[in-house]
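Colleague: I am new to this one. Can we go through the labels and ask what each rests on?

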Amino acid sequence: MSKQCCSTDVYLKLQKKEENKHNYGHSHVKKEKKGDHHNHSHGHDHDHSHDLEGKTAFQLFLPSGISLVLLLLGIGLDNYFPQDWFTNWVRLVWYIAAYIPVGLPVIKEAIESIRYKDFFSEFFLMVIATMGAFAIGEYPEAVAVMLFYAVGEVFQTLAVSRAKGNIKALLDQRPDEVTILEGGKLVVIKAEEAKIGDIIQLKPGEKLGLDGGLISETASYNTAALTGESKPDTKAKGETVLAGMINLNTVSQVRVTAAYSDSKLSKILELVQDATAQKAPTELFIRKFAKVYTPIIVLLSIVITLLPALFVDNYVFSEWLYRALVFLVISCPCALVISIPLGYFGGIGAASHNGILFKGSNFLDILANVQNVVIDKTGTMTEGVFKVQEVIIKPEFDKDEILKMVNALESQSTHPVASAIHNYVGEVDNTINLSETEEIAGYGLKSTVNGKELLVGNFKLLDKFNINYNIDTSNIVYTVIAVSYDKKFAGYLTISDSIKADAKIAIDKLHSMNIKVTMLSGDKSTVVDYVARQLGIDNAYGDLLPEDKVNKVKEIKTRNGSVAFVGDGVNDAPVIALSDAGIAMGGLGSDAAIETADVVIQDDMPSKIPMAIHIGKQTKKIVWQNIVLAFSIKAIVLILGAGGLATMWEAVFADVGVALLAILNAVRIQRMKF
């Protein structure tokens, strides 16, 4: 694979992939969830820009500086203060000396490419063009082409480094060392040596090195590294705190629950570093285009040199060779193959900076074109923090006894409703003996207590088991939990959830982008309709089982085109897999979200949904600006070059100048406010 195809392909190889900086041979890109197309790249996969990394700006520009000084002196001696000694071989040696600092690394790369059977790399184009210019005595032009090409490479490296900044910063969020309590003493050890169960002590202002549970009563943390949000997050005893969080006010103690390499931050970094492997269609097209385009350009250059001999009366070989060389330099596809991946990379970086993780640049494209956003209700648009509002238990049942049984059964579930009941009733009574407990997806829980059947869930659960009840719940705008014991309807609890502060803003922004919003929920239709009315959502459907959600999404896709589904990423896996892009909210709390979703919003803010779409749209806009810019300028100068109206100097602008303009345009996205 040529360098031009992949000069920006390996941007995000972070610490653990450092040894792969020069990645020859077989590179296998991970399975893509959508479309499952594998991308096998054989051959030479070498990134010249990485040779330049790890050096200071002075070191990067030094070879170009030496060449520039020698070139300017040579041009001066040629044109402005000619010397008798500056002729023939002295002049040739002078310009060769000017050529070597910038030309030698490129010649080495061209040979390396040929060794890996990649004959038409951009290095090869540059070497042919400059050697040809030397052959016909155009020494200053030969040096100038290579000099400007080298300067372009340096700027590319600097642009890549800047684009890496946001994501590299994530790596710095974990300290190398942590202070642990060992036998009543504080000991400083390397973070990766900390074991599960160790107790870390954090001073105010210190960063946490590993994931753990808070032992101190309360502590406030700055979570900006993980969520992009700078407001303090106060945690209570027993709550999870994550690597990268900064302890704010008091000394706090944390018990380690995951190894250094298994922390959420490690997963996030891995996710983002794999993101550039999943190419957007535009990127894949440019790669294929470059592989076909470059040999055609070499062939056309040969035709431009030799064909006129058959038609032109006063044919001068060197003149037509010069035109062919100009053509060759202009047509080098650097601008496209550098700036397009850099544009997508910038989009992924800008999103990471705002606490949104894209699993691939293809999802930036998908979100840019999305026409429908389908959202889950609980935990996505609402807080997911339930409170019991009222408890109605029929007089023939012992209210306390029923509530204790309900609490014991709900303690088997991870649903937010379970914690609401637990908070209302109190500690679980361990004397209650549950047997044959099962969770029925979309309905609720079933168990046997004292040999009698206990059902806790929605009224559909009671219907399923033929339990008679005489309650009309259609007017209750709360979530209703029905209870049946010993085949008899025992009563119900109403539970309410509050709408998130920025949910309305999110829906309004989506509408301003002409995106239709549909809410799907397993909750009661009256509750779902109530929330939808509050937020101005276009369509809302309640009382849905997981398979009903799948059918609704299929229906929306066939009717209205592309769909992005937003959920908590846990019980929505089938819908996420079916949608064009699956977005998981509050990904910090869920490994499943990080695994199944294509886009992970790290905090719980619905306003990040339109932000993710906006970043996708801006990225696409910048990529297409670069494609149009590169093609139009190159087309104009190509025509002038073939007609003999453009010299090597114009050719250098059309190549390196356009590449630099495209790079500058691509890094703009890093500075944008979303």
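Modeller: What follows takes the labels one by one, and the model is a predicted one.

Colleague: Why is Leu310 called exposed?

Modeller: Its relative accessible area is 65%. Exposed means over 50%, so Leu310 qualifies. Leu310 sits in the loop between helix H9 (281-306) and helix H10 (317-330).

Colleague: What makes the nonpolar surface patch there?

Modeller: Val303, Leu307, Leu310 and Phe311 make it, with about 430 Å². Members of a patch need over 30% relative accessible area.

Colleague: Why are Arg91 and Asp78 called a salt bridge?

Modeller: Their side chains meet at 2.8 Å, N to O. The cut-off is 4 Å, so the pair counts. Arg91 lies in helix H4 (residues 88-115) and Asp78 in helix H3 (residues 57-79), so the bridge ties together parts 13 residues apart in sequence.

Colleague: Is Asp78 buried, exposed or partly exposed, and how do you know?

Modeller: Partly exposed, at a relative accessible area of 25%. Buried is under 20% and exposed is over 50%, so 25% falls in between.

Colleague: What makes Asp376 and Lys549 a salt bridge?

Modeller: The N to O distance is 3.3 Å. That is within 4 Å, so the label holds. Asp376 belongs to strand E13 (residues 372-376) and Lys549 to helix H18 (residues 546-560), so this pair ties together parts 173 residues apart in sequence.

Colleague: How do you know whether Asp376 and Lys549 are buried or exposed?

Modeller: Asp376 has 6% relative accessibility. Lys549 has a relative accessible area of 8%. Buried means under 20%, so both are buried.

Colleague: Why does the pair Asp603 and Lys608 count as a salt bridge?

Modeller: The closest N and O atoms are 2.9 Å apart. The limit is 4 Å, so Asp603 and Lys608 count. Both are buried. The whole structure has 13 salt bridges.

Colleague: What puts the buried residues of H17 on the same side?

Modeller: In helix H17 (residues 525-535), the buried residues include Val527, Val528, Val531, Ala532 and Leu535. They cover an arc of only 130° around the axis, so they share one side of H17. Their cover includes helix H16 (503-512) and strand E20 (516-520).

Colleague: Which residues touch the most other members of the largest nonpolar core?

Modeller: Ile356, Phe358, Leu367, Val373, Ile375 and Ile609, in a core of 106 residues. Apart from this core lies another, of 26 residues, with Ile393 and Ile432 among them.

Notes: Residues numbered from 1 in each chain as written. Predicted model: local features only at pLDDT ≥ 70, side-chain atom pairs only at ≥ 80, totals over all residues. Heavy atoms only, no water. Patch = residues over 30% accessible without salt bridge, like charges linked within 9 Å, V, L, I, M, F, W, Y side chains within 5 Å. Areas by Shrake-Rupley, 256 points an atom, 1.4 Å probe, with all protein chains shown as cover. Helix = DSSP H or I, 4+ residues; strand = E, 2+ residues; numbered from the N terminus. Buried < 20%, exposed > 50% of the residue type's maximum accessible area, 1.4 Å probe, protein only. Core = buried A, V, L, I, M, F, W, Y, C linked by side-chain atoms within 4.5 Å. Arc of directions from axis to C-beta. Contact = heavy atoms within 4.5 Å.
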